[in-house]
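Please have the viewer open as you read.

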Amino acid sequence: MGKYILKRFGYLLMVTVILSFILFMIYSLVPANRAYTDAQTEFKAMKNSIPKGEADKVLADLYLKYQRMYGTDTNNRVIRYLRWVGVYPLYNGKFDGLLEGNFGYSYDYKAPVVQMVKNPMLNTIKINIWATVIALAITIPLGIHCAVKRGSKRDQAVQVFTIIGYSLPTFLIAILFIWFFCGKLHLFPTNGMGTPGNTYTGFRKFADEMYYMALPLIVTTFCSLGGMTRYVRASMIDALSLDCIKTARAKGLREKVVIYSHAFRNALIPIVSLVVGWFLGIFGGSIMVENIFGWNGMGRIMITALRSADYDVVMLMQMFYIVISLLGTLLIDIIYGLVDPRVRVNK
Amino acid sequence: MSNKTEEKKKAASKPARRGWFGHLFHSASAEFADEMDAARAADVEAIVSPSRQIVNNFFERKLAVGALALLIIMFIVMFVGPLFMPKYKDSYTDVTQQNMAPNMSLMKVPKELKNDIKTIDGYGTFTVGLSNAGKVYVWGSTQLGTTGIDIGDIPEEVRNAKIAMVAAGYDHIIAIGEDGKIYGWGAWQLGQYDTEAEYLARGKETDPNIEFLSEDLRQNGVDVSHVKKLICGYQISCILMDDGSFHLWGNKRTYANMDLFLRTPSLDDIAFTLNYIVGLNGQHKTIYTGSRDLFTLVKDNVNSPAVKTSEFLGDRTIEALTATNKSVALTLSDGSVAFSGDFNLDCTPAPTLAEDEDYVQIVGGAYHYSALTNKGNVYSWGQNELDQTDLPKSTAGVTKLYHGSNQTYGVNDAGQLVTSWGLKGYLFGTDTRGANIFQRIIQGGKMTMTVGAVAVIISSVIGIIIGCVSGYFGGKIDIFLMRVAEIFSAIPFLPFAMILSAVMGHMNISETMRIFIIMCILGVLTWPGLARLVRGQVLLARESEYVTAAKSMGVKESVIAFKHILPNVMSVILVSLMLDFGTCMLTESSLSYLGFGVQYPRPTWGNMLNGANNATIINAFWWEWVFTSLFLAVTTICINIVGDALRDVMDPKSSAEK
């Protein structure tokens with residue numbers, strides 16, 4: 001097991017490096033020259049104090065200074081990439097990259113990326129934990145029910161609804177819900193994260209937060225209902241056709257025991273993998289929902305950074321997403337092995 | 001006996017070359033039947049090939065068949081529909097037609113007015129008419145934006161009074177009673193018809209950019225018998241008297257030269273384009289605008305070269321002005337017409353009249369002109385995007401023309417409506433830019449489906465090749481290719497596609513190229529799923545007897561992989577393609593909705609919903625998202641239902657259990 005995990009980690013590392021390289025190369029296609037812009041800005045600020053005739057030289061010096069600072073004083077993109085990672089020294093022999101803890105600087109927020117991402121991350125996690133819990137609480141009983149009563153009118157109705165549910169894009173559901181809950185019923189606010197300028201504390205603060213979180217939460221949950229229900233139903237149907245279920249029934253066990261104790265345990269394995277994948281997704285956040293409802297989370301940061309070409313942020317977020325999804329697959333494989341003794345991971 | 005062998009030879013000499021699809025639907029049984037006696041063939045026919053069984057099973061599912069039919073209709077509409085809209089332009093905008101609710105009665109003159117028309121006038125989304133009995137009627141799209149004002153609600157005092165003149169602006173109507181009293185209704189927020197005192201009484205602060213209706217005019221009215229012209233523009237109104245004096249009021253922000261006109265003592269004619277006031281002063285030699293460079297060049301037709309006004313006129317003089325949003329038509333003293341201002345290149349040109357034919361009347365809508373000559377002929381010219389210049393077959397009997405913003409009404413001597421032509425309305429309303437949503441949905445559907453289809457084709461080509469190679473050859477190739485697939489599936493889809501799109505945005509490439517790259521991005525990011533599916537199927541098929549047989553016959557490896565195995569896994573691939581098509585369409589819509597996919601002016605269902613991102617629009621302008629969403633939702637739901645049903649009927653286990 002240990003060897004297997006080690007092997008997988010090695011592989012994970014390799015994929016991360018390859019993807020980060022690809023990403024870095026894609027970014028270097030963008031015709032943006034941060035060193036030059038910064039040099040220009042500083043040059044303009046000190047323009048009056050520069051003696052005549054030396055303007056060009058001063059600008060060139062400044063440009064070089066910034067290029068050195070950002071590690072772009074070479075046209076070799078591979079070297080730039082290595083510097084960004086932090087395994088190739090800058091002009092002065094120092095290392096300053098991801099490995100040294102330099103995750104970049106956000107030009108929009110005028111702060112290091114890590115510091116800037118902290119709050120949105122918490123917001124995203126907050127909303128997603130709720131969404132996961134609620135979605136699971138609805139989909140697992142519903143999926144089991146549909147699988148047990150397979151082919152019944154109710155099952156068919158749920159099937160149609162789930163197809164509709166996962167065929168609709170998130171933004172469409174969001175528009176519909178805003179129209180219905182805000183426009184018609186006037187139940188919830190359409191965006192924001194709390195009453196502006198409030199000084200609530202304790203329970204009042206929590207209630208206010210939940211009030212603002214309600215609609216994005218409903219949309220997030222609703223969007224996952226269709227797919228999840230179908231998944232649970234499918235794995236439950238597979239589990240119900242196992243021989244052990246026939247045996248259990250033949251033994252004369254009560255139907256409830258057969259379903260919940262025998263069948264569901266077998267169905268749990270694929271469900272667990274789904275939930276794990278999902279749980280990791282909670283760090284990523286939903287770009288669409290956060291953008292529509294003005295929820296200050298990871299997805300929103302990503303979009304604003306993309307729109308304003310704040311590429312340090314975008315890069316880091318992208319790497320973060322990749323690592324999360326790779327870790328997710330690894331975790332799923334390991335948990336498969338732990339939950340289901342029939343799956344031999346170290347094979 | 002010999003007979004039979006001959007037949008066999010015949011059959012062998014022309015082997016039925018059937019493609020993959022042929023194999024799908026005619027299993028060996030059909031070929032076998034060729035060689036059988038007619039009587040025994042009937043028994044063989046009863047054995048149904050698995051593929052045919054699948055088709056039969058599929059057609060037993062009513063929901064799936066309905067969805068398939070709907071999907072096919074959708075496809076036909078989206079790909080054939082654009083052929084019927086030759087006038088459609090991606091970047092078409094019209095400020096006077098923004099946010100109009102679905103309405104097909106823009107040209108429907110009320111029954112009571114039809115035989116008793118005194119005047120008709122329209123500037124924006126609605127048209128106002130006046131009967132000889134002095135009653136006012138309003139038709140068209142009467143809801144004014146988000147203000148909640150319905151301009152069709154004619155005030156009580158107007159309904160009770162006998163009205164002598166009426167004119168419509170962009171969002172207000174001005175009427176003058178027989179007694180000279182001035183009435184106004186509609187939007188008032190920018191001083192369309194209030195005096196300063198009335199405006200303040202509504203709880204607003206006074207605004208230096210508004211020229212209010214004067215208190216004197218409100219109290220004493222005007223002498224109706226001396227009013228030469230009552231005319232309204234975009235939030236502006238003017239009463240021109242026959243002694244040349246005039247009253248002008250409204251929103252100064254929309255008319256840059258309004259201040260100059262307020263200082264002008266007298267005019268012989270006045271008209272409003274969208275941004276400028278044009279007038280005619282004493283000498284009748286130039287168009288008076290108060291500023292230097294406006295409307296100084298004149299041409300004799302909409303598409304001919306322009307010359308300086310003085311050179312063009314010679315010793316002729318300008319008699320009257322008719323304005324549309326961007327241009328002015330000048331009626332000259334010799335009965336001919338000249339034009340000044342901007343005309344689109346594809347405008348319908350004005351007709352060349354015969355020697356003895358002169359214009360009697362010219363009216364101007366938003367972008368078109370209609371004219372009547374002394375021979376009783378009617379002509380229309382100008383922009384034709386909204387059918388403004390498509391004359392009806394017969395215009396006989398028309399002796400007077402009236403205009404709406406995009407309509408022309410022909411009336412006879414008795415005041416009866418003879419005919420009308422122009423824009424009937426918008427089936428699905430218009431969007432924030434004034435474009436026809438119905439047309440954009442059809443065009444956008446074409447784009448959305450094309451992007452989805454091309455993306456799926458790209459992804460399936462990659463996926464099938466890699467899956468086949470990986471599954472059939474196995475070993476190191478398999479491990480390598482599957483690792484590559486894993487890397488690709490580790491890329492979070494939406495963020496990555498957005499990044500690529502954003503990076504492209506900073507590069508200098510054409511929109512068509514951009515769209516093609518977006519298709520490629522979608523295709524390249526979705527292949528791993530299909531590749532794995534194909535690989536799994538190929539792994540199963542590799543062990544089957546027919547492959548062993550082919551191998552023992554010495555068939556080449558690549559031929560076995562692509563010609564023997566692939567057709568047998570085709571059915572599974574088809575289902576996956578169907579579902580992937582839906583996914584690609586959804587992804588494209590999401591990307592475009594966020595502004596990282598196909599961008600305005602090219603319509604797709606995603607970027608058409610882009611505007612519906614705040615509660616005000618979602619609630620007030622429901623038509624701007626309901627129809628587009630409906631089309632998108634119906635299409636993707638149908639795709640998924642059909643794909644799902646196909647998968648179910650292809651799974652032998654599920655049908656056996658039933």
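## Polar contacts and the salt bridge

A polar contact here is a pair of N or O atoms within 3.5 Å; within protein, one of them must be able to donate a hydrogen and the other to accept it. By that rule, chain A and chain B share six residue pairs in polar contact, with both residues at pLDDT 80 or more. Keep in mind that this is a predicted model.

The interface of chain A and chain B also holds one salt bridge. A salt bridge joins the side chains of A:Arg230 and B:Asp644, at 2.1 Å from N to O.

## The interface as a whole

In total, 43 residues of chain A touch 38 residues of chain B. Between them the two chains bury about 3,700 Å², with 76% of it on carbon and sulfur atoms.

## A sheet in chain B

Chain B has an open sheet of three strands in the order E6-E7-E8, with antiparallel pairing. Strands E6 (163-168) and E8 (182-186) of chain B are at the edges with a single partner strand each, so one side of each has no neighbour in the sheet. On average, neighbouring strands of this sheet are turned by 20 degrees against each other, direction ignored.

E6(B) pairs with strand E7 (residues 172-177) of chain B over five bridges. B:Ala168 has B:Ile173 in E7(B) as its bridge partner.

## Confidence

For the complex, the predictor gives an ipTM of 0.85 and a pTM of 0.86. Chain B has a mean pLDDT of 85, and 92% of its residues reach 70 or more. Over residues 8-16 of chain B, pLDDT stays under 50, and the model has zero contacts beyond four places in sequence for them.

Key. Residues are numbered from 1 along each chain as its sequence is written. Chains are lettered from A and ligands numbered from 1 in the order in which they are written. Side-chain values use heavy atoms; hydrogens and water are left out. Two strands pair if DSSP finds at least two bridges between them. Helices (H or I, at least four residues) and strands (E, at least two) are DSSP runs, numbered from the N terminus. Axes are lines fitted to C-alpha atoms, for helices over the stretch in contact, and angles run from 0 to 180 degrees between N-to-C directions. pLDDT is the predictor's confidence in each residue, from 0 to 100. Contact means heavy atoms within 4.5 Å. Buried area is the accessible area (1.4 Å probe) that two parts lose on being put together, summed over both. A salt bridge is a side-chain nitrogen of Lys or Arg within 4 Å of a carboxyl oxygen of Asp or Glu. A polar contact is a pair of N or O atoms within 3.5 Å; within protein, one must be able to donate a hydrogen and the other to accept it, and residues adjacent in sequence count only if both atoms are side-chain atoms.
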